[in-house]
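Please keep the sequence and the structure in view while reading.

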There are 2 protein chains.
Amino acid sequence: MNNNYSLLENIASPADVKSLEREALPELAAQIRSKIIETVSRTGGHLAPSLGVVDLTIALHFVFNTPPDKIIFDVGHQAYAHKMLTGRFSRFDTLRQRGGLSGFVRMSESPYDAFTVGHASTSISAGLGMACGKELKGERAKVVSVIGDGSMTAGLAYEGLNQAGGLKKDLIVVLNDNDMSIAPNVGALSGFLSRKLSSSRSFLGWREEFKSLLRQGSVAYKLMKRLEESFKAFITPGMLFEAFDFNYFGPINGHRIDHLIDAFEAVRQTNSPALVHVLTTKGKGYEPAERNPTYFHGVGSFEVSTGNCVSRAASPPSYTQVFGKTLIELAQKDDKIVAVTAAMPEGTGLAPFALHFPERFFDVGIAEQHGVTFAAGLAVEGFKPVVAIYSTFMQRAYDQVLHDVCIEKLPVVFAMDRGGLVGEDGPTHHGAFDLSFLRSIPNFVLMAPADENELARMLKTALEYGGPIGLRYPRGAGVGVVVEEKIKPVPIGKAKVLDQGGDALVLAAGPLVHEALCAARRLAKQGIGVTVVNARFIKPIDSELIISLCKKIPRVLTIEENALSGGFGSAVLECIADAGLSGVRVSRMGIPDRFVEHGTQKELRRSLGLDEDGIAGRILSLLGRDNHK
Amino acid sequence: MNNNYSLLENIASPADVKSLEREALPELAAQIRSKIIETVSRTGGHLAPSLGVVDLTIALHFVFNTPPDKIIFDVGHQAYAHKMLTGRFSRFDTLRQRGGLSGFVRMSESPYDAFTVGHASTSISAGLGMACGKELKGERAKVVSVIGDGSMTAGLAYEGLNQAGGLKKDLIVVLNDNDMSIAPNVGALSGFLSRKLSSSRSFLGWREEFKSLLRQGSVAYKLMKRLEESFKAFITPGMLFEAFDFNYFGPINGHRIDHLIDAFEAVRQTNSPALVHVLTTKGKGYEPAERNPTYFHGVGSFEVSTGNCVSRAASPPSYTQVFGKTLIELAQKDDKIVAVTAAMPEGTGLAPFALHFPERFFDVGIAEQHGVTFAAGLAVEGFKPVVAIYSTFMQRAYDQVLHDVCIEKLPVVFAMDRGGLVGEDGPTHHGAFDLSFLRSIPNFVLMAPADENELARMLKTALEYGGPIGLRYPRGAGVGVVVEEKIKPVPIGKAKVLDQGGDALVLAAGPLVHEALCAARRLAKQGIGVTVVNARFIKPIDSELIISLCKKIPRVLTIEENALSGGFGSAVLECIADAGLSGVRVSRMGIPDRFVEHGTQKELRRSLGLDEDGIAGRILSLLGRDNHK
């Protein structure tokens with residue numbers, strides 16, 4: 001590992017990149033790679049994507065003039081080099097740490113960050129908006145959207161590209177094609193066929209007329225077909241993009257900075273949609289990452305010399321692992337269970353399922369909308385699809401859940417991972433809203449397991465239920481309870497009373513139930529009796545139990561790791577109001593009405609009071625005893 | 001108009017279509033068209049799309065064997081012929097009326113309706129799910145997705161097509177290409193470029209090598225370019241779809257039933273992805289609709305002989321019209337105002353804006369996700385984009401609002417039309433959830449004007465605000481108040497007290513404020529004093545006013561035309577709980593936790609108690625006086 005940052009230390013802004021000799025740029029790239037590897041080996045982060053675009057990023061900043069020019073990094077997890085070249089080298093050690101640099105691109109972090117991002121496939125749409133804006137203002141600055149081939153599988157990218165070609169604005173799309181083992185999915189572009197439809201109408205008309213004279217299968221027809229085939233074989237990306245009214249430049253070796261600079265200099269002279277096709281290697285320059293780019297896509301801390309992950313103290317299996325394992329067990333006994341992921345087989349824990357049941361596993365690409373509607377189709381055919389998805393990405397499929405699944409009560413199971421605070425990925429990735437946006441949908445049953453054993457039980461419950469149903473669980477390790485051998489479902493709509501006490505009533509959803517229990521037991525030692533209820537169901541909420549308990553204990557605290565606006569606590573308030581109960585004092589704990597920045601899960605929970613101490617304090621406050629310590 | 005339905009009357013199911021001689025089918029088509037025109041001229045409905053696919057629908061039912069085979073109509077508004085051929089001719093007069101046939105395709109209405117639909121572009125995803133399901137079950141039945149070229153502009157369709165080609169399942173996509181004046185936007189398909197990337201790597205490599213020897217602009221380079229151009233010109237839809245691993249059949253005249261049947265017979269023999277390209281005329285067979293398919297896309301009642309709309313009693317301008325007119329006035333004074341629609345310039349009232357300010361108007365196609373992120377890009381450049389969108393379609397852009405607009409507080413204005421019950425379009429189209437799913441998003445300001453004048457004021461408020469902000473207003477005519485010449489903004493976060501009285505407190509959002517006022521005045525005559533508050537803001541809610549009023553009048557009724565789960569009433573409950581107030585009795589009126597079927601807006605509101613009578617009754621009930629009449 002080279003710890004010489006002589007060039008990098010002197011880069012205060014992109015102007016300093018431009019002032020370097022071209023010949024010095026490969027050394028700058030080497031220094032950036034060293035710094036990325038050194039830092040991410042400690043902090044964790046998106047290693048392979050960021051290593052892949054170091055040369056590309058240098059070339060972009062060498063040619064373009066940000067911030068007047070805009071460089072929009074799609075997803076934003078590949079922007080480490082960009083951060084170092086735009087005045088953030090000295091703070092790079094704080095990457096993904098509380099109060100430190102974001103792991104993504106954030107407008108609020110730097111004027112060089114053109115668009116805030118964390119979810120995939122927004123860069124073309126945003127860039128096109130900026131390009132249209134610049135044209136309306138008469139500004140001649142450039143807009144560059146840097147998008148990976150993976151992000152191109154999303155409908156949003158297609159929608160953007162579709163309009164970009166049509167509008168003929170001054171937009172440069174850099175296609176970062178890293179040719180992964182995951183098949184590069186470069187979507188086709190807007191306008192292509194429609195333009196072809198008109199321009200080739202005469203040809204088609206002729207063909208049609210010709211065909212009507214012949215039966216299918218005749219020699220002439222086959223000849224026609226062969227003619228088409230031969231043309232087809234010559235369709236290149238360049239022809240395709242150009243057919244969509246993009247000027248095509250490439251393919252260019254994405255690790256030859258000199259070639260990249262030449263291409264960007266050329267493309268900068270154009271003023272209509274241009275696509276620069278750049279071939280990169282994910283993980284470039286760090287052999288373990290080049291060998292295993294999937295593992296090193298997003299990684300925890302690791303040993304630089306070997307790439308081996310730094311072993312941690314043994315912790316309970318993660319919710320993700322328990323989900324994956326349980327689903328396999330259940331699927332072994334029920335061949336109607338199938339699984340769907342949107343490009344996240346590893347992250348959602350479905351990878352082992354895919355090995356066990358390859359024909360019952362569907363990876364739809366970065367396409368949450370399609371994934372949900374596709375699952376609805378499987379449900380129509382009598383299957384029990386399990387859509388495993390991160391809570392934050394479920395936001396992309398809201399309409400499909402509502403319109404395609406819930407109106408007809410189709411039995412689709414949503415296994416929502418990363419519900420609540422996800423930690424280092426920050427505000428774009430917290431699963432802070434699912435309880436709110438899902439519980440307003442009719443016919444949806446919404447559960448939150450309190451621990452990994454309950455996750456297993458709720459997964460079984462969901463698969464037996466026969467309608468739209470979801471369970472949401474957090475990122476990270478379970479609480480450490482044993483997952484029972486024989487999985488028993490939980491009764492739909494029933495909460496569970498844990499501790500009993502007459503001073504306060506705590507209604508908690510998800511693993512915070514355990515923090516609440518600890519808080520209650522601490523208070524019990526002070527002579528304060530707290531009833532703790534594991535809500536289990538956000539919807540249908542256990543009104544009967546809640547009302548009967550509220551009548552006895554009218555001092556209620558609700559706890560959830562979800563937005564307070566419209567979440568579980570709000571459901572409790574509705575339930576109390578609808579029962580005509582008044583005189584119940586309800587205090588609510590959860591995620592406040594703002595976006596929560598990054599930090600460790602523990603830090604963030606502590607800062608929001610979502611731990612034992614915070615809960616104990618709130619109970620005391622609810623009882624008017626917060627002055628007594 | 002021919003009212004002879006001799007053939008149609010004898011069609012009880014598609015089996016009866018199959019039993020007809022091929023020669024009789026054009027007459028059957030004529031009878032269906034007559035019936036559609038006759039009925040829709042009275043009931044209103046989607047005339048032009050349904051007329052366009054009569055022949056196609058007959059051919060599909062002649063060849064395929066539903067319900068084992070599945071025919072999935074995208075959007076579902078073109079399924080009138082399908083309804084008549086599947087046992088619903090005798091009930092066709094009840095189209096779009098309360099208790100009658102849905103204007104869309106509904107699984108709950110008929111076993112021949114393969115998938116419930118109302119929003120565009122779901123058919124390929126759902127069909128692919130069904131095809132995968134059938135293959136897993138070993139069933140040989142066919143799945144046919146019928147999708148229009150317009151629906152192909154949506155990312156969801158692209159995502160589905162993308163995977164369909166890749167999976168090589170037995171799925172037939174019928175592309176209903178009606179070649180409208182709106183440019184036919186047929187998206188390109190999954191896998192195309194990625195396949196080309198690999199198959200043409202050698203060609204590209206050769207080209208790249210060649211190029212590195214030459215400077216750009218040299219003769220050889222230009223020659224290369226010209227070679228590519230010449231190939232490009234020969235790319236046909238067939239070649240494109242086949243490159244995406246679809247077998248291509250077509251283009252076929254969509255009004256020649258015999259040709260269609262031949263094509264479907266042929267395609268039925270295949271068992272890998274097939275695309276049948278059918279050219280149709282929107283409005284076919286009814287001259288006024290062929291001439292003006294946009295007007296006759298979805299239409300109210302009209303005179304059959306002329307196509308003229310049946311004039312109604314003069315009513316106040318619609319909210320849509322007031323929005324469109326006001327936006328033009330404001331835009332005349334502020335050149336930073338731009339407007340965005342997702343394929344709805346007419347429906348959202350933006351058509352006149354588009355004429356006034358063509359360069360400041362953007363129609364993004366059926367692409368709500370892209371539309372919102374595109375608007376975010378415009379906002380970054382200092383513009384004030386107004387996204388005019390139906391509430392129900394806003395569901396498609398939930399993540400983009402949250403992630404692309406609200407995290408950075410970008411000043412995008414959402415003008416959400418069709419908020420609340422939309423009437424005849426039914427459960428897929430009610431704007432019943434926006435208050436719930438939007439109010440949980442941090443940084444979003446959410447307003448509901450009580451009348452058309454307040455709509456104008458709130459639009460001005462929104463454009464002056466400088467952050468993410470939305471106003472939602474209903475379908476249909478305003479309440480009839482004068483829209484003031486000089487538009488005054490409303491203060492952010494402030495509600496407005498209208499009538500005062502000490503017995504009950506009514507907090508209402510949107511035009512139901514006026515129903516609440518009428519109810520209050522009726523009760524005043526009975527000596528019951530009701531304070532009526534126009535909430536104006538769902539978020540930030542006017543906590544200060546609400547708390548101070550609740551302290552004085554602890555019997556509260558909240559009223560909204562939105563789901564009760566997580567909506568405005570829920571926000572009021574949160575506000576009261578967070579203030580530590582107990583002893584306030586809150587009753588909530590709104591849309592219950594189920595999908596509401598179709599009917600007129602008036603019928604639906606009445607059935608849910610969301611009118612003067614219902615509100616008066618609920619106030620009495622809240623006061624324990626409902627026995628007194």
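Over which ring does the charged end of Arg360(B) sit? In this predicted model, the ring is that of Phe357(B), and the charged end of Arg360(B) is placed 4.4 Å from its centre.

A pair of aromatic rings is described by the distance of the centres and the angle of the planes. Over all chains, the structure holds 34 aromatic pairs. One of them joins Tyr398(A) and Phe437(B): the ring centres are 4.9 Å apart and the planes stand at 55 degrees, so the pair is tilted. This pair crosses between chains, since Tyr398(A) belongs to helix α18 (residues 398-406) of chain A and Phe437(B) to helix α19 (residues 434-439) of chain B. Tyr398(A) is buried, at a relative accessible area of 1%, and Phe437(B) is likewise buried, at 0%.

A further pair, formed by Phe433(A) and Phe595(A), is edge-to-face, with 6.1 Å from centre to centre and 65 degrees between the planes. Phe433(A) is found in the loop between β9 (413-417) and α19 (434-439) of chain A, and Phe595(A) in the loop between β17 (585-591) and α24 (601-607) of chain A; the pair therefore ties together parts that are 162 residues apart in sequence. Phe433(A) has a relative accessible area of 5% and is buried; Phe595(A), at 11%, also counts as buried.

Finally, aromatic residues may be grouped beyond pairs: Tyr286(A), Tyr295(A), Phe296(A) and Phe302(A) form one aromatic cluster.

Definitions and conventions
Residues are numbered from 1 along each chain as its sequence is written. Chains are lettered from A and ligands numbered from 1 in the order in which they are written. This is a predicted model: local features need pLDDT of at least 70, side-chain atom pairs count only at pLDDT 80 or more; totals for chains, interfaces and linings use all residues. Side-chain values use heavy atoms; hydrogens and water are left out. Rings of Phe, Tyr and Trp (its six-membered ring) pair if their centres lie within 6.5 Å; planes under 30 degrees apart count as stacked, over 60 as edge-to-face and the rest as tilted. Helices (H or I, at least four residues) and strands (E, at least two) are DSSP runs, numbered from the N terminus. Buried means under 20% relative accessible area, exposed over 50%, partly exposed in between (1.4 Å probe, protein chains only). A charge sits over a ring if NZ of Lys or CZ of Arg is within 6 Å of the ring centre and within 35 degrees of the ring normal.
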